[in-house]
Amino acid sequence: MDFNVKKLASDAGVFFTRAVQFTEEKLGQAEKTELDAHFENLLSRADSTKNWTEKILRQTEVLLQPNPSARIEEFLYEKLDRKIPSRITNGELLGQYMIDAASEFGPGTPYGSTLIKVGEAQRRLGAADRDFIQSSMINFLTPLRNFLEGDWKTISKERRLLENRRLDLDAGKARLKKAKAAEAKAAAMPDFQETRPRNYVLSASASAAEQELRLAQTEFDRQAEVTRLLLEGISSTHTNHLRCLHEFVEAQATYYAQCYQYTLDLQKLLGRFPSAFVGNANTQAPPGGVSPSAATLPVVPVLAGPCNPPTSSVPFTEISPPSTGTRRARVLYDYDPADSSELELLADELITVYSLPGMDSDWLMGEKGNKKGKVPVTYLELLN
């Protein structure tokens, strides 16, 4: 290998000079060239942007992938420049477990059929979660990571180079100051034949120091301008990150809207199968596909006539309850009525329920105190 000894010695000398200048500045024994206030503000803004971008990036990764082991695995794949393997989401895995359980319990049973429906919904939720993660990775995390691994590394490199140029400049100023002081001291001494060669050397040294200082000043000014342009580009970075943030919010809104719609559809679907929730677990299903409420609750006979008009023209809340056959029920969940014909329910309270002709099988009439109204069967547990 061909070593350039002169260059190596020159680089070692420059490094030593910078080290001496840096040490003297820290000890307060040397002057330091200060940057202007605008430049300092640009540096502070860049540092703040870098620090907060790192924090936002790391916490977003935690939000999208809470499992630290999975995050480490993805990080290693990324550093090795290999494709990250597709990973099933927790929702999809839960849905698959529910569907497998339904196959073992029997898909024709109330529990099994409900497991299938809930499992399919969980798989759709898991797929929506995966789409949200992928969208956020591409449109939000990737631009933040590109800034930290690209633009910021360039800025840091140029800042280090600017700091070296500043050390060279201040070292040149100190060297010129010493040369000027030695020259002035020699000029103040009597002019003897023996001292003239030394005076010429000191004068030449001062001239060389002035030339080196001018060169160092030129290099420092050029590097300061390059660094300033890069730091002013942080404004463009903020604009780009703002656009990415809007895309992240849009993806998040789409994700939660899908989740809401899937769960709402599931809730409506389960509401049409009250037999899975009503009554005791040991109660046998009535023959002929009759719902439990129709098989166990009395029906009030209401005959059309002068005293009893057709039920279609009389509100359910105005029909008197039967004298016998009413049942007590415990409320399973809180229920807010959708209109005045429905009864408000509170979890664990006891109410009286009965069936009326013309009512949907998913509803019963309920009474508590002096209030009565329709109540959903799925919110009740019949007691007697």
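The following conversation goes through a predicted model of one protein chain.

Q: How many helices and strands does the protein chain have?
A: The protein chain has eight helices and five strands. Along the sequence they follow the pattern α-α-α-α-α-α-α-α-β-β-β-β-β.

Q: And what share of the residues is buried?
A: Of the 384 residues in the protein chain, 30% are buried.

Q: What about contacts with a separation of 6 or more: what share comes from residues 24 or more positions apart?
A: Such residues account for 70% of those contacts in the protein chain.

Q: Turning to the strands, how do E2 and E3 pair?
A: Strand E2, residues 350-354, and strand E3, residues 363-368, are antiparallel and joined over three bridges. Within this pairing, Val353 stands opposite Gly366 of E3.

Q: How many bridges join E3 and E4?
A: There are six bridges between E3 and strand E4, residues 371-376, and the sense is again antiparallel. Glu367 has Lys372 in E4 as its bridge partner.

Q: What does the hairpin of E3 and E4 look like between the strands?
A: Two residues lie between the strands, and Gly369 in this hairpin takes a positive phi near 65°.

Q: Where is Glu342?
A: Glu342 belongs to the loop between strand E1, residues 327-331, and E2.

Q: Is Glu342 buried, or exposed, and what is the nearest side chain of opposite charge?
A: Glu342 is buried and has no salt bridge. The nearest side chain of opposite charge is that of Lys374, 5.1 Å away; a salt bridge would need the side-chain nitrogen within 4 Å of a carboxyl oxygen.

Q: Which backbone nitrogen lies 2.8 Å from a polar atom of the Glu342 side chain?
A: That is the backbone nitrogen of Ala338.

Q: Which residues does Glu342 touch, not counting those up to four places away in sequence?
A: Glu342 touches Tyr335, Pro337, Trp363, Gly373 and Lys374 on that count.

Q: How are the rings of Tyr335 and Trp363 arranged?
A: Their centres are 6.5 Å apart and their planes lie at 70°, so the pair is edge-to-face. This pair links distant parts of the chain, with Tyr335 in the loop between E1 and E2 and Trp363 in strand E3, 28 residues apart. Tyr335 is buried, with a relative accessible area of 13%, whereas Trp363 is partly exposed at 21%.

Q: How many aromatic pairs does the count come to?
A: The count comes to nine aromatic pairs. One of them is Phe132 with Tyr255, whose ring centres are 4.9 Å apart with planes at 10°, so the pair is stacked. Phe132 sits in helix H5, residues 110-188, and Tyr255 in helix H7, residues 234-271; the two are 123 residues apart.

Q: Why does Phe132 count as buried?
A: Phe132 counts as buried because its relative accessibility is 7%, and the limit for buried is under 20%. Tyr255 also counts as buried, at 15%.

Q: Which residues do ring pairs link into a cluster?
A: The cluster consists of Phe132, Phe140, Phe248, Tyr255 and Tyr256.

Q: A change of topic: which helix holds Gln217?
A: Gln217 lies in helix H6, residues 196-232. Its relative accessible area is 28%, so Gln217 is partly exposed.

Q: Which residues is Gln217 in contact with, leaving aside neighbours within four places in sequence?
A: Gln217 is in contact with Leu169 and Lys173.

Key:
Residues numbered from 1 in each chain as written. Predicted model: local features only at pLDDT ≥ 70, side-chain atom pairs only at ≥ 80, totals over all residues. Heavy atoms only, no water. Pairing = 2+ DSSP bridges. Helix = DSSP H or I, 4+ residues; strand = E, 2+ residues; numbered from the N terminus. Buried < 20%, exposed > 50% of the residue type's maximum accessible area, 1.4 Å probe, protein only. Lys, Arg positive; Asp, Glu negative; His and termini not counted. Polar contact = N/O pair within 3.5 Å; in protein donor to acceptor, adjacent residues only side chain to side chain. Contact = heavy atoms within 4.5 Å. Phe/Tyr/Trp six-rings, centres within 6.5 Å; stacked < 30°, edge-to-face > 60°.
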